[in-house]
Number of protein chains: 2
Amino acid sequence: MKDKTKIGVIGFGHRGLGLCKLLALMPDVEVVGVCDLCEDKAIAGAEAVKAAAGYAPIVTTDYRRLLEMKEIEAIVTPSAWRAHVQICLDSMEAGKYVATEVGGASTLDQCYDLVKTSKRTGMPCMMLENCCYGRTEMTVLNMVKQGLFGEPVYAAGGYCHDLRDEIGYGKENRHYRLRNFLNRNAELYPTHELGPIAKWLNINRGNRMLSLVSMASKAAGMEHYVKTQMPADHELQGKKFNQGDVVITLIKCARGETILLNHGTTLPRPYTRMNILQGTKGIYSEDKNQGIYIDGVSEHEKWQTLDDYYEKYEHPLWKYYREEGVKSGHGGMDYLVLRAFIESVQNKTDTPIDVYDTASWMAIGPLSEESISMGGHPVAIPDFTNGMWLEREPITRGKYCLDEICEEYIK
Amino acid sequence: MKDKTKIGVIGFGHRGLGLCKLLALMPDVEVVGVCDLCEDKAIAGAEAVKAAAGYAPIVTTDYRRLLEMKEIEAIVTPSAWRAHVQICLDSMEAGKYVATEVGGASTLDQCYDLVKTSKRTGMPCMMLENCCYGRTEMTVLNMVKQGLFGEPVYAAGGYCHDLRDEIGYGKENRHYRLRNFLNRNAELYPTHELGPIAKWLNINRGNRMLSLVSMASKAAGMEHYVKTQMPADHELQGKKFNQGDVVITLIKCARGETILLNHGTTLPRPYTRMNILQGTKGIYSEDKNQGIYIDGVSEHEKWQTLDDYYEKYEHPLWKYYREEGVKSGHGGMDYLVLRAFIESVQNKTDTPIDVYDTASWMAIGPLSEESISMGGHPVAIPDFTNGMWLEREPITRGKYCLDEICEEYIK
């Protein structure tokens, strides 16, 4: 197994099991160790590796044991939101590449720590924002880079997902959304939409996010749900929830674009990420049946759909991927984002979602919380690049590049 | 013609002609006088009345002449945005009911003037917000009042309308959007979506709008349009536009709901008012093909459409209207909003969209301008009712009532 990339996986909730299985199935990856605070979960992770790849990784409840293992080159952590940052920091200090599942930071201080530690240790830190590698999002990225929409002006997205039942029986004890819903009021989960948008708009490479305002609706969804759909003696009966059901965040960018984020996980509705991209020449809108309208091309006032554009504009990575055979996991994007990380480790390059992306996307959580708590007051978004965004040019090479379309690297 | 309601119409742009024709065709209305600053337009108005109803109204370029006519009971003014308020004030001072076409105020002071003048003179002032009487909007109103969506939490809407060609040849000289686009940066046209939403949420009757924040994208659409689609020697070449292409406004209400408004008239895209209403039991979304999702009723994660609900929830006014025969004008809603005004004049009652509604909806324009100019700073929305919103109960009678469903008055 000498040529395999040796990794450790930390955190085995439902998500961890799925990601670890995808990793274990990769012929050039060895999952050397698995860890979870709960031993039963760590063991389940080891069993998943065994079932997928035929070998048994080391099992531990203390992730520092994995960090001490010299042969481990990289850590992947699909842990709980609140554990992400410390695991990332400790992994970088141990000289390892680290990739974290999505979720916001708790404080700005954590975001600064990520950036400073990465710079000092030279170790990359990548958020595994799978939606950056979604087929739709990458096709829109390709269209943006080819100028189909003209100059980008406005982007929107959301995480509109009815997650009320995550507090249901068998889920409430270990699930961290509940304590957020009870105690916080923020854009809790910005990156599924913000990640792709940030890449469309060259954030941290020639552009940056300057400031934001957030406003939260009342919190009525969970209390209604508990009252009408949970047993009368349930411990949540009568509990006051703090998290507004719909949180809207508006971000202003240095190049003049605005970004709208919609977080809504506590009201009944079908799922959407509601992506929108508007420019001087046209618009893409997910909620209009993946609608496309291009000035002078589309029939006046009529939506076309992305289906009309895939042949010409599908991202070359996805063309290749579909020919090769799409792997499972959220429509295939989980595999791609993991490969982007693994191949960066193998090539000893920075990751296509780098520590500045990771930190600035994670910062939206605590910043929105500040703005909401001050009645929608605008708050500044730190420039984690310390001015380097002015000179940092788009990356123009790499199979998994999200800055430019690098077709020649895709085989 | 003794029993006819005698009215004057002031302002004969394209919109004025259409509305005046609808009024002239009503058998119980006499358009006694028509006025426009441009005599040719006033004459065109008179000719429209003659063609529709067979009689010739008085023609003037000075609206004060109409206000001096004792037999005129009411004024309808589809004038330019900036003229609305003064005409309303003068009409009320002259002891006449007044109805104004939509559009924002320029300053808060104008909104206060409307309220104070109406109170002092006892004359109602109604904004002719036709979308309040749209079939879709009224059906959603009926659903809200019947509790289908549970407790309302969040509403959104927009005026997303590609109006770039309004500065084209033959349109630019008299059209007032251009000077706004060049000089202002605001939610210029909030009421087509805010009007219906305000009625869904009982604004000014048990609820009120407390504060807002607005953020504007860069202004790139018009400059691109002028550069690429206007002659090289056009006077607008090289002109800097101020109005952001996409202006988002977030409003917080006293009962905890939030409202999102989207103004976008300078980028290429198909039209939408993008109405959304979310409550503890479900959601309506115009952009999801007029989608409805009701908790425990709709199939999990699947949108139904409003078509599935019309039979049970269509507003009784629209059921009656469709049986009687829908009149032209934006799908029939122009006729309904005009009838709501005319029948209020005839019955000597207040109008279903009253001066508090008119003032508070118009105030969003200058307030958004303040917020944008201060980087998205929250600004307070005045309580034009001076505290009366706490006691002002929904109106529970009247054919055109927008506060409750008053089926017994609809014949």
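Me: What makes the length of helix 13 of chain A close to the expected one?
Reply: In this predicted model, local features need pLDDT of at least 70 and side-chain atom pairs count only at pLDDT 80 or more, while totals for chains, interfaces and linings use all residues. Residues are numbered from 1 along each chain as its sequence is written, chains are lettered from A and ligands numbered from 1 in the order in which they are written, and side-chain values use heavy atoms, with hydrogens and water left out. Helices (H or I, at least four residues) and strands (E, at least two) are DSSP runs, numbered from the N terminus. The expected span is 1.5 Å times one less than the number of residues. Helix 13 of chain A has 19 residues and reaches 28 Å from its first C-alpha to its last, close to the expected 27 Å.

Me: Where does helix 13 of chain A bend, and by how much?
Reply: The bend at a residue is the angle between axes fitted to the seven residues ending there and the seven starting there. At A:Ile364 that angle is about 30°, and a proline, A:Pro366, follows within four residues.

Me: Why is helix 13 of chain A called mostly covered?
Reply: Buried means under 20% relative accessible area, exposed over 50%, and partly exposed in between (1.4 Å probe, protein chains only). In helix 13 of chain A, 16 of the 19 residues are buried, and the helix is mostly covered.

Me: What is found at the ends of helix 13 of chain A?
Reply: A:Asp354 caps the N-terminal end, with a side-chain oxygen 3.0 Å from the backbone nitrogen of A:Tyr356. A polar contact is a pair of N or O atoms within 3.5 Å; within protein, one must be able to donate a hydrogen and the other to accept it, and residues adjacent in sequence count only if both atoms are side-chain atoms. Just after the helix, A:Gly375 takes a positive phi of about 70°.

Me: What makes A:Arg184 and A:Glu369 a salt bridge?
Reply: A salt bridge is a side-chain nitrogen of Lys or Arg within 4 Å of a carboxyl oxygen of Asp or Glu. For A:Arg184 and A:Glu369 the N to O distance is 2.8 Å, so the pair qualifies. A:Arg184 lies in the loop between helix 7 and helix 8 (191–200) of chain A and A:Glu369 in helix 13, so the pair ties together parts 185 residues apart in sequence. A:Arg184, at 17% relative accessibility, counts as buried, whereas A:Glu369, at 22%, counts as partly exposed.

Me: How do you know that the salt bridge of B:Asp295 and A:Arg164 joins two chains?
Reply: Their side chains meet at 3.0 Å, N to O. B:Asp295 lies in the loop between strand 13 (291–294) and strand 14 (304–305) of chain B and A:Arg164 in the loop between strand 7 (152–160) and helix 7 (177–183) of chain A, so the pair joins two chains. A:Arg164 is buried at 3%, and B:Asp295 is partly exposed at 22%. By the salt-bridge rule, the count over all chains comes to 47.

Me: Why is A:Asp334 called buried, and what does A:Asp334 touch?
Reply: A:Asp334, in helix 12 (residues 333–347) of chain A, has a relative accessible area of 3%, so this residue is buried. Contact means heavy atoms within 4.5 Å. Not counting residues up to four places away in sequence, A:Asp334 touches A:Arg15, A:Leu19, A:Leu22, A:Asn130 and A:Gly329. Its side chain makes a polar contact of 2.8 Å with the side chain of A:Asn130.

Me: What holds B:Asn204 in polar contact?
Reply: The side chain of B:Asn204 reaches the backbone oxygen of B:Tyr356 at 3.4 Å, and a polar contact of 3.1 Å joins the side chains of B:Asn204 and B:Ser360. B:Asn204 is found in the loop between helix 8 (191–200) and strand 8 (209–216) of chain B and is buried, with a relative accessible area of 6%.

Me: What makes a group of residues a nonpolar core, and how many residues has the largest?
Reply: A nonpolar core is a set of buried Ala, Val, Leu, Ile, Met, Phe, Trp, Tyr and Cys residues joined through side-chain atoms within 4.5 Å. The largest has 121 residues, and B:Val31, B:Tyr133 and B:Phe341 have the most contacts inside it. Helix 12 (residues 333–347) of chain B gives the most to this core, with 9 residues. A second, separate core of 120 residues includes A:Val34, A:Leu188, A:Val226 and A:Ile410.
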